[in-house]
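I opened this model to take notes on one of its chains. I wanted the overall dimensions, then the sheets, then a single strand in detail.

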Amino acid sequence: MNFNNNQPIYLQIVDFICEKILLAVWKQEEKIPSVRELAVQLSVNPNTVARSYDFLRSQEIITDKRGIGYFISANGIQQAKQYRRNLFIEQELPLLARTLHMLDIAPDELDQLLTRYKQKLQYEK
Amino acid sequence: MIALKEVSFTYNKTRVLEGVTEVFNPGQIYGLLGDNGVGKTTLLKLMTGLLFPQAGTITVQGSVPQYRHPSFLRSVFFVPDTAFFPGITIAQYVEGYAPFYPQFSKKQFIHCLTAFNIGYDNDIEALSFGQKKKLLLSFALAANTPYLFLDEPTNGLDILSRAAFKELLPGYIDETKCVIISTHQVNDLSNLLDHVSILRKGRLIFSQSIEAISRQLLFGNEAAPGAEILFAEDNLRGRATLTGNNSGYPSGVNLEMLYKAVMTNGEKINQLFAHTQNIAI
């Protein structure tokens, strides 16, 4: 995992997990790695992963079954999507909008580009 | 818990540390940053009882390092920058030294050595400088002492071993253990630290948790209009700036930039933390 500098590490780990859920690598109601396992896997401080899990729990993306471990919520996909959508609209979109404006890319040009990109994705599938 | 109170230390007539007051809690990884020769190693040696302070007090879980009680010595492990070993085999070393550490785990030791790609049946003298360091780091992690002091642990390690070390440390730490790492290679360890302490000219000029730093400071590529810039430098993406954080979001932390900023503008930065300060002594 590559860490960037704009977000605290614990939120980058939250994104990493949301992506796993949204791409269905980790399935709803499935058990996920323990705090320590994920910390070793990502080479980060276990306290940081614990914070990420606390945050994910507060967003109802994962649940804590005492003594057993952490699981993706039954509606994990929906919750993860909700969280990532908000993040995209509040933080990522303004940056994208700024670049589009700077490069004079109009909405309909962007629309065409997005359609082409979608086709490419479907073709690859 | 380790508590230092107004600790001062002088080598001959050179004052190395002056009035250092700090607390280190279990379950946390502390990064001790500072230029060469500001007293990082001295501070570690004082906490492990290898040097004695001229003024002030140090207690490690209630005992004074200077007295070197067996119960104290069992609970600390110090990995110096340059490792020294007697001319014996690794197996003999373990046989001779492991009994001093009741929590020593041979299984963990082998796991660490394997991660560092060192065979168990080696003569220590046949190892290179870097390999000796990895051997000592492996022993230190396997000793499972509640207090672990690492002086420049990644110095002399190759790229793969640095990565291995970063993977091994998260497996070692738990809520009963306290790790203090002195380093000037901040980028190596930035994902592992809970807390950053910065020494300058023998004084502790900054000490905050990463969490507090990401709340109070904003590391950005462009300062908000009107924000007071605490530190700035040009980079490929324009200008990297450090300001107070009023964004409502926690910021990512760039330790190298924080370090430079504290060195040039420490007082202002500390003021930002002042109203949230809760020093527990």
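My entries on chain B follow.

**Entry 1: overall.** I am working with a predicted model. I started with the element count: chain B holds 9 helices and 12 strands. Next I looked up the extent of the C-alpha trace. Along the principal axes of chain B, the trace spans about 65 × 45 × 35 Å. I then checked the radius of gyration. Chain B comes out at 20 Å; a compact globule of 281 residues would be near 19 Å, so the value agrees with that expectation.

**Entry 2: burial and contacts.** I asked what share of chain B counts as buried. The figure is 40% of the 281 residues. For contacts, I kept pairs in chain B at least 6 apart in sequence; 68% of these join residues at least 24 apart.

**Entry 3: the antiparallel sheet.** I went to an open sheet of 3 strands in chain B. Its order is 2-1-4, with antiparallel pairing. Which strands stand at the edges? They are strand 2 (14-24) and strand 4 (55-60) of chain B. Each has a single partner strand, so one side of each lacks a neighbour in the sheet. On average, neighbouring strands here are turned by 25° against each other, direction ignored. I also looked at one pairing in this sheet. Strand 1 (residues 2-11) of chain B runs antiparallel to strand 2 of chain B, and 7 bridges join them. I noted one bridge by residue: B:Thr10 has B:Arg15 in strand 2 as its partner.

**Entry 4: strand 6.** I turned to strand 6 (residues 147-151) of chain B. Buried or exposed? It is mostly covered, with 5 of its 5 residues buried. In a regular strand, side chains alternate between the two faces of the sheet.

**Entry 5: partners of strand 6.** I looked up what pairs with strand 6 of chain B. Strand 5 (residues 76-79) of chain B pairs with it in the parallel sense over 4 bridges. Strand 7 (residues 178-183) of chain B also pairs with it in the parallel sense, over 5 bridges. B:Phe77 stands opposite B:Leu148, and B:Leu148 stands opposite B:Val179 in strand 7 of chain B. Last, I followed the chain from strand 6 to strand 7 of chain B. The path goes through helix 6 (residues 159-172) of chain B, and this β-α-β crossover is right-handed.

Definitions and conventions:
Residues numbered from 1 in each chain as written. Chains lettered and ligands numbered in written order. Predicted model: local features only at pLDDT ≥ 70, side-chain atom pairs only at ≥ 80, totals over all residues. Buried ≥ 20, exposed ≤ 12 C-beta atoms within 10 Å, placed from the backbone. Helix = DSSP H or I, 4+ residues; strand = E, 2+ residues; numbered from the N terminus. Pairing = 2+ DSSP bridges. Right-handed = clockwise from strand over helix to strand, strands pointing away. Rg over C-alpha atoms; globule rule 2.2 N^0.38 Å. Contact = placed C-beta atoms within 7 Å. Axes fitted to C-alpha atoms, helices over the stretch in contact; angles between N-to-C directions.
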